[in-house]
Amino acid sequence: MHLVAIGYWPLGIAVLVMLIAAVLQFTRQNVPNVLTLTAILAGWVVGGLISADIGIPSAGGGLGASIAATVVALVISIPFYARLELGAGCVKAQMAFSAWIGCAVGFPSVMMLTVVCALVANIATYAIAWCCVVVPVSDEPAPFPAQVTHSLGALVGLAVCIALAVC
């Protein structure tokens with residue numbers, strides 16, 4: 001895969017969304033809906049424009065791939081959310097990340113990227129929450145910046161896929 005090719009520009013947006021989510025989680029202790037929901041909708045709109053073939057460059061992505069990747073990310077993240085290791089902001093950030101991946105690459109690569117990135121992100125977050133969070137002295141639970149680990153996990157998953165030339 002030639003990442004410098006113009007068709008892969010949506011991957012940069014995907015990475016940027018995850019980095020912004022991590023910074024917001026670290027500094028404000030939440031990932032706002034205005035970031036995640038706007039990023040999801042923007043990914044779908046851009047996917048639709050790519051599918052309409054009006055000249056927006058893509059390496060095979062489009063609306064169908066964007067929506068499919070968003071749904072797959074949600075389905076993979078639900079079990080981790082249900083176990084309370086993952087917050088709703090993390091789930092929505094993963095969905096936004098995947099929506100933009102779907103703008104960049106088409107089927108079947110988008111499914112492989114989405115599955116790998118979501119699994120690595122969710123498992124990393126679960127492992128850190130399970131292994132490394134110190135039991136708090138007070139009755140209040142320790143604030144665990146799950147989105148930081150989640151974002152880094154998703155980016156590692158993307159890097160692995162790129163290194164293995166899955167796209």
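The model is predicted, so local features need pLDDT of at least 70 and side-chain atom pairs count only at pLDDT 80 or more, whereas totals for chains, interfaces and linings use all residues. Residues are numbered from 1 along each chain as its sequence is written, and side-chain values use heavy atoms, with hydrogens and water left out.

Next, display the whole protein chain. Six helices and zero strands are present (DSSP runs numbered from the N terminus: helices are H or I with at least four residues, strands E with at least two). Of its 167 residues, 43% count as buried (under 20% relative accessible area, with exposed over 50% and partly exposed in between; 1.4 Å probe, protein chains only).

Now select residues 9-28, helix α1. Its 20 residues reach 29 Å from the first C-alpha to the last, close to the 28 Å expected at 1.5 Å a residue (the expected span being 1.5 Å times one less than the number of residues).

Within α1, colour P10, L11, A14, V17, M18, A21, A22, L24 and Q25, which are buried. They lie on the same side of α1 because they cover an arc of only 165° around the axis (taken from the directions from the helix axis to the C-beta atoms). On the other side of α1, F26, T27 and R28 are exposed.
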